[in-house]
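Please look over the model shown here before reading the notes below.

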Amino acid sequence: MTELSLRLAVSLAQIAAVMGVVMLTVMILTLAERKVLGWMQDRMGPMEVGPYGILQPIADGLKLFFKEDIVPAGANKFMFSLAPILAMVPALIGFAVIPFGPSNKFELFGITVEPFVISDINIGILYILAFASIGAYGIILGGWASNSKYSLLGGLRSAAQVISYELNVGLAIVGVLILAGSLSLVKITEAQSGGFWHWYVFALPAPQIFAFVVYVISAVAETNRVPFDLPEAESELVAGFFTEYSGMRFAFFFIAEYANMVLVSCVAAAMFLGGWNAPYPGTILEHVGLGQFAWAENIAWFTVKAYLFLFLFFWLRATLPRLRYDQLMKFGWKVMLPIALGNIVVTSIAVYLFPR
Amino acid sequence: MQPLIETLMTRFPRAVLSVEADTARAEVSVRIAADRLIEVARFLHDAPEALFDHLSDICSVDYPEDRQRFEVVYLLHSLPYRRRLRLKARVPEDNPAIASVTGIWKGAEFLEREVYDMMGITFSGHPDLRRILMPEDYAEGFPLRKDFPAEGRGWRSQFDFIPRLDEAPVEQTDSEIPERDKQAFRAEAAPSSSRRREELLLNMGPQHPSTHGVLRVVLELDGERIVKATPDLGYLHRGVEKLSEGLAYMQIIPHTDRLDYVCAMANNYAYVRAVEKLLGITIPERAEYIRTIVAEMQRIVGHLFWLGTQALDIGAMTVFFWTFREREVLLDMFEKLCGARLTLNYYRIGGVDSDFTPDLVLRLKTFLDTFPEKVKEYDSLIASNRIWLGRTKNVAVISAEDAISFGCTGPVLRGSGVAYDIRKEEPYGVYDKVDWEVPVGKNGDTYDRYWIRMEEMRQSARIIRQCLDQLPAGPIIADAPQYIPPPKQHVMRDMESLIHHFIIFTQGLKPPKAETYCATEAPKGELGFFIVSDGSARPYRLKIRSPSFVHMGAFDHMARGYLISDIITIFGTYDIVMGECDR
């Protein structure tokens, strides 16, 4: 029993726990989305499976699992199978650096364990961005390998869209990086403690409110959600890049999309909204003398922030029509990009003039 | 009209063969020599005293006994002078050819293709004379000829997609479609040699989530930009016109329900009006009011359906559910009124089937009280939404000139700034007794057409409210015993009614030997029925002028240069229903 295998065991346990939570969230999301949309549209949403339809995600999962797996004639089988995996893995791998709660370290058989973050690497956010870009390959390959014109068009749209909006996501968070002086999500979150006026979206000397808006819009675009769901634009391209997919391969794309939503929500919460920090200094549990359980309150705050973000995704979907391809490009390059760049300049000047 | 006819006769003494003026129905038809068609048509289109700028329809009639067997009927319409004229030309069986008028009216392209498809008359000078409703490889002849049996020629057994046990399964091939089969969908005849271009042919439909039914469009794409869009119609062709030739006049009403199945009442209305015009009967006042109210209810239902689907096409999902909520209320009222919700079969020749009850009037009034609020609610989601504006403004623009030339009607024509609404131009029902306006657009883009339909819903609500206030008492069906079945209680008591009843239900009503065209403003545009009666109980020829079909003729013109995403909004902006388009 070496230290190395112990570390491995701890990490695997953490990964399993985080994956479990993420998968559970994805399941909840599929139901929550349909319910929320239903309520906004004067209908009930799923009601048949279980009380109020709460078992619907399980039924959906089972259905997809047992569905016939079809590979279209003329498709590149290897690429066709690779694409869903390439889409899903990067979406899940990003959670490795997300801090879900405070960094309470404790010793276990001589090694330090950080329970609420799998790995606190010092380039955390860069790592997430890098893997998010790889996710686009899954979509492009899926569109190309299907040997279908709709899929191909969906894949091409996706390529253009992801490249344009990746850039905006990257630039939007540069302001935060300047303020925090670190690429580690743990450090960025910790720097925002002490009340909501310390969150980077509001924090002096350079509130990142514009960067936040750019980030939100670009994140929606990057996850291919309404109003930027052009790669899978149902009314034009049938289902876009996954037109030809069925069964588990389709489920992989589906999970990837929702996991991506969760990931960008977590990143937004950590980068702009103070992560697991409560909107007031400290925690209530600390004040009432239950300091050892303060992490629970912190995790609750993180969850609330992430879910609010996810609710925003549903809300957008119920409200907005879809942009057209050229409008999307114009918006990304001519509106979002200048704002993000301007924000970097302003933030840099502010930080230079008012060093902390 | 008289001076124009005289001018025509003096200018073209050899072309004009005869003039038939039907004073009772206020219709004029001019019989001309087929080889002089172009010059007469050109004169009628261009001359300042004629200005027949709008081609309503081209119809063909088969008279097998005559030496000149086929008759081609051009239904012309002059927007500035608000009058209609029929041009008729006969062609012989051995060489059924006539010059194409596509150079004069652009909308003639699809109409002539339909005549060719159905009657086998060829049009010389037509740019793309292929079958349009029947399959391209259909080799059984021309269905609307009188010698073609109504039940078909056993072609069904030859459908190669119906598996047959005695045949070996067809070998599936994954090979590319031969180049010559693609040629019909290409913008250019041959690829230009100097610069190599890679255009993608994308087959959209007939199975596609948003082609509004079984419509197929083959797009030639340059990237995402459309080089050419070729609609391929006929997947829902049921031969309603041929069927009608074997049915008594009363039996055709249910078939009209299935034309534009979203707005069945409007089709009923258009058809019974045409038959009434043929018969020359007047309708009791209460029936006229009820017809107008129901037609406007149907217009609201149709426009709600359109709004929902158009929004869904553009990606706004919620509007769809909200409009269906209100549509449901109206459909419930239809159910209360006549027992059906979709295929209503409510109008009768000479009146309507059942009367409005006070309860229904009350429900309708309650609905009207809340409806303007609901329209505002839809507007709140889309009217000032930047994305919606971006997707609809300056998209699928058609100028007034082109819209007229293509024969567009309804909101598509009004969106381009032409205030042509049959309810105002040739008032029927009680539209001249109530106060309402025709909304007219400016730019001819999708947004203007959207705005017009929204405004039309408000105007319809206004019309219904006024009609409800004025609704007089009285009978709901005309008293014309030789055409309209007398009420049951009379049949049981008096001999004469019994005889009429017996005759109508055994032989059918027999209109006088005549022909008439009657246009009605359906929610989608001008829905016209052209009926040729030979004095028997069945129409000799019944031609349906469906707005969706005519609008599809302008599709390529409106789609070129826009993106794939816009194609979908063009379907939406036509408010196309394939049941009506393919008939």
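The report covers a helix, a sheet and a single serine, in that order.

## Helix α3 of chain B

The model is predicted. Helix α3 of chain B takes in residues 108-119. Its twelve residues should span 16 Å at 1.5 Å a residue, and the end C-alpha atoms are 16 Å apart, which agrees.

Ten of the twelve residues of α3(B) are buried, so the helix is largely enclosed by the rest of the structure. Among the buried residues are B:Phe110, B:Leu111, B:Val115, B:Met118 and B:Met119, and the list also includes B:Glu112, B:Arg113, B:Glu114 and B:Asp117. After α3(B) comes B:Gly120, with a positive phi near 80°.

## Sheet β8-β9-β10 of chain B

In chain B, three strands make up an open sheet in the order β8-β9-β10, with antiparallel pairing. Strands β8 (200-204) and β10 (225-232) of chain B lie at the edges, each pairing on one side only. From one strand to the next, the twist averages 20°.

β8(B) and β9(B), the latter covering residues 216-222, run antiparallel and are joined by five bridges. Opposite B:Leu200 stands B:Leu221 of β9(B). Helix α20 of chain B (residues 564-574) packs on this sheet and touches β8, β9 and β10 of chain B. The direction of α20(B) makes about 35° with that of β8(B).

## Ser164 of chain A

A:Ser164 is located in helix α5 of chain A, residues 149-180. Its relative accessibility is 3%, so A:Ser164 counts as buried.

Leaving aside residues up to four places away in sequence, A:Ser164 touches A:Met329 and A:Trp333. With A:Trp333 there is also a polar contact between the two side chains, at 3.1 Å.

Conventions. Residues numbered from 1 in each chain as written. Chains lettered and ligands numbered in written order. Predicted model: local features only at pLDDT ≥ 70, side-chain atom pairs only at ≥ 80, totals over all residues. Heavy atoms only, no water. Helix = DSSP H or I, 4+ residues; strand = E, 2+ residues; numbered from the N terminus. Expected span 1.5 Å × (residues − 1). Buried < 20%, exposed > 50% of the residue type's maximum accessible area, 1.4 Å probe, protein only. Polar contact = N/O pair within 3.5 Å; in protein donor to acceptor, adjacent residues only side chain to side chain. Contact = heavy atoms within 4.5 Å. Pairing = 2+ DSSP bridges. Axes fitted to C-alpha atoms, helices over the stretch in contact; angles between N-to-C directions.
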